[in-house]
Amino acid sequence: MDLRDTSEEAAFRAQLRTWLDANLPEERRGWRGGEQRFGDAFGREWSHKLYEAGYAGLTWPKEVGGAGAPYSFQAIFYEEMARAQAPAHVGVIGLGMAGPTIMAHGTGEQKQAHLAKILSAEEIWCQGFSEPDAGSDLAASRTGAERRGEVYVVNGQKVWSSFAHIADYCILVTQQFPEEPRYKNLTYLMVDMHSPGVEVRPLRQITGEAEFNEIFFTDVEVPVSNRLGEEGEGWQVAMTTLLHERATLGFALTAALDLGVGRLLETAREHAGCDSGTRERVAAEWIELQALRYTNYRALGTYQHTGVPGPEGSAIKLRWSEQNQRLTKLGRELLGADSIVDDGWWHYQQLRSRGNTIEAGSSEVLRNIIAERVLGLPRSR
Ligand SMILES: Cc1cc2nc3c(=O)[nH]c(=O)nc-3n(C[C@H](O)[C@H](O)[C@H](O)COP(=O)(O)OP(=O)(O)OC[C@H]3O[C@@H](n4cnc5c(N)ncnc54)[C@H](O)[C@@H]3O)c2cc1C
């Protein structure tokens with residue numbers, strides 16, 4: 001397998017680089033403490049600009065407004081965005097999870113109603129899966145959906161919903177049939193976040209930001225036409241979302257890690273001298289990054305052939321999240337006392353990295369998935 005850019009990929013990379021140089025305002029480059037991701041008008045404007053230039057939904061089919069490009073273009077996009085330190089499209093959940101799920105399970109009307117608006121950032125989406133008593137165990141969701149004629153009446157609570165405070169829609173896992181066995185009791189809905197009865201309460205994180213939220217649903221009416229898949233088949237629809245979540249994260253996060261390893265090398269040069277122990281630890285992180293990059297390329301190959309993300313997504317997410325925690329800890333260690341006068345990047349990254357091994361599947365759950373579905377070992381329980 002030749003991993004160098006083909007002539008088409010090289011042309012795309014060059015064009016994107018030129019576009020970013022010309023369109024990304026200097027003051028929006030680089031680290032801004034995460035603030036630009038939340039509630040700032042620039043986020044939507046920037047996302048819309050990416051859309052107009054054809055960079056949103058690169059791999060989505062042309063008939064739904066995407067560019068119909070190969071997955072390698074998406075990987076190049078993430079690499080170049082990370083290189084330019086450009087803010088991501090704010091529709092992370094719409095582009096990476098809701099959109100692919102609608103494409104896989106949605107009706108013609110549902111695709112027509114939402115896909116173009118996800119691309120253009122006219123609709124921001126959030127993911128209402130986790131509940132106070134149902135995180136890793138999604139099948140234990142208790143948020144109820146009771147069918148009354150042409151609507152479902154939704155009652156319950158979700159938690160840790162990233163972007164819910166700016167979202168227009170939510171992909172929601174509900175329990176419609178409490179009396180049915182697990183995996184046959186769930187129904188998957190798309191809920192208008194501006195509906196009466198939806199209340200969003202931001203949760204402050206260890207970083208100081210309020211990136212995620214609690215969502216309370218009180219007698220919220222959701223039209224039956226907003227159901228994705230059949231009644232009682234919400235589990236299967238949710239699995240599509242989760243496979244895409246891990247695959248999207250893999251590409252985007254390896255690109256971000258590249259930046260982190262680059263910064264680690266700089267920090268080591270400036271602060272840590274050249275003792276062999278430090279050199280060894282820094283080199284180990286660089287080597288791990290290369291291994292992850294090649295695993296990503298392998299995942300890309302599967303994706304390209306089947307159109308469905310493979311189990312590599314779980315392995316990449318596991319390795320990435322654990323590496324990011326090691327890397328950010330090492331970065332702060334190398335800074336030593338200078339971390340007090342530093343710009344705060346390492347400090348912020350280390351705090352934010354704590355959530356990496358929990359979000360999109362905790363490390364323990366991912367190890368179970370790899371053991372059972374990749375290695376064919378017996379089920380853990
Ligand atoms: C930054 C961040 C953003 C998030 N964004 C969203 C979002 O947008 N939408 C959303 O719905 N959720 C979101 N989440 C929630 C996330 O999906 C859950 O936190 C995650 O699924 C774990 O669930 P839990 O917190 O309930 O922990 P639990 O499931 O209660 O797990 C507790 C501990 O037990 C372990 N454990 C659980 N089951 C097993 C098992 N079978 N075998 C071995 N160990 C096990 C876990 O690894 C963990 O260490 C986010 C979380 C974070 C940190």
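In the predicted model, helices α6 and α7 run roughly antiparallel to each other, because the angle of about 155° at which they pack exceeds the 145 degrees over which a pair is counted in that class. Helix α6 spans residues 234-271 and helix α7 residues 276-306, and their axes lie 10 Å apart. The crossing in which α6 passes α7 is left-handed. On the α6 side, the contact is formed by H244, A247, G250, F251, T254, L257, D258, V261, L264, L265 and A268, which meet V282, E285, W286, L289, L292, R293, N296, L300 and Y303 of α7. By residue class, this contact of α6 with α7 comprises 13 nonpolar, four polar and three charged residues.

Helix α6 also packs against helix α4, which covers residues 92-105, at an angle of about 135° and with the two axes 8 Å apart. Residues G96, M97, P100, T101, A104 and H105 of α4 make the contact with Q236, V237, T240, T241, H244, E245 and T248 of α6. The residues of the contact of α4 with α6 divide into four nonpolar, eight polar and one charged. H244 of α6 is listed both in the contact with α7 and in the contact with α4.

Around the ligand there are 17 residues, of which S130, S136, W160, S362 and E364 come nearest. For S362, an N or O atom of the side chain is placed 2.5 Å from an oxygen atom of the ligand. A polar backbone atom of F129 is 3.0 Å from a ligand oxygen atom, while a nitrogen atom of the ligand lies 3.1 Å from a polar side-chain atom of N368.

How values were computed:
Residues are numbered from 1 along each chain as its sequence is written. This is a predicted model: local features need pLDDT of at least 70, side-chain atom pairs count only at pLDDT 80 or more; totals for chains, interfaces and linings use all residues. Side-chain values use heavy atoms; hydrogens and water are left out. Axes are lines fitted to C-alpha atoms, for helices over the stretch in contact, and angles run from 0 to 180 degrees between N-to-C directions. Helices (H or I, at least four residues) and strands (E, at least two) are DSSP runs, numbered from the N terminus. Angles under 35 degrees count as roughly parallel, over 145 as roughly antiparallel, 65 to 115 as roughly perpendicular and the rest as oblique. A crossing is left-handed if the near helix is turned anticlockwise from the far one by less than a right angle, and right-handed if clockwise. Contact means heavy atoms within 4.5 Å. Ala, Val, Leu, Ile, Met, Phe, Trp, Tyr, Cys and Pro count as nonpolar, Asp, Glu, Lys and Arg as charged, and the others, Gly among them, as polar. A residue is near a molecule or strand if one of its heavy atoms lies within 4 Å of it. A polar contact is a pair of N or O atoms within 3.5 Å; within protein, one must be able to donate a hydrogen and the other to accept it, and residues adjacent in sequence count only if both atoms are side-chain atoms.
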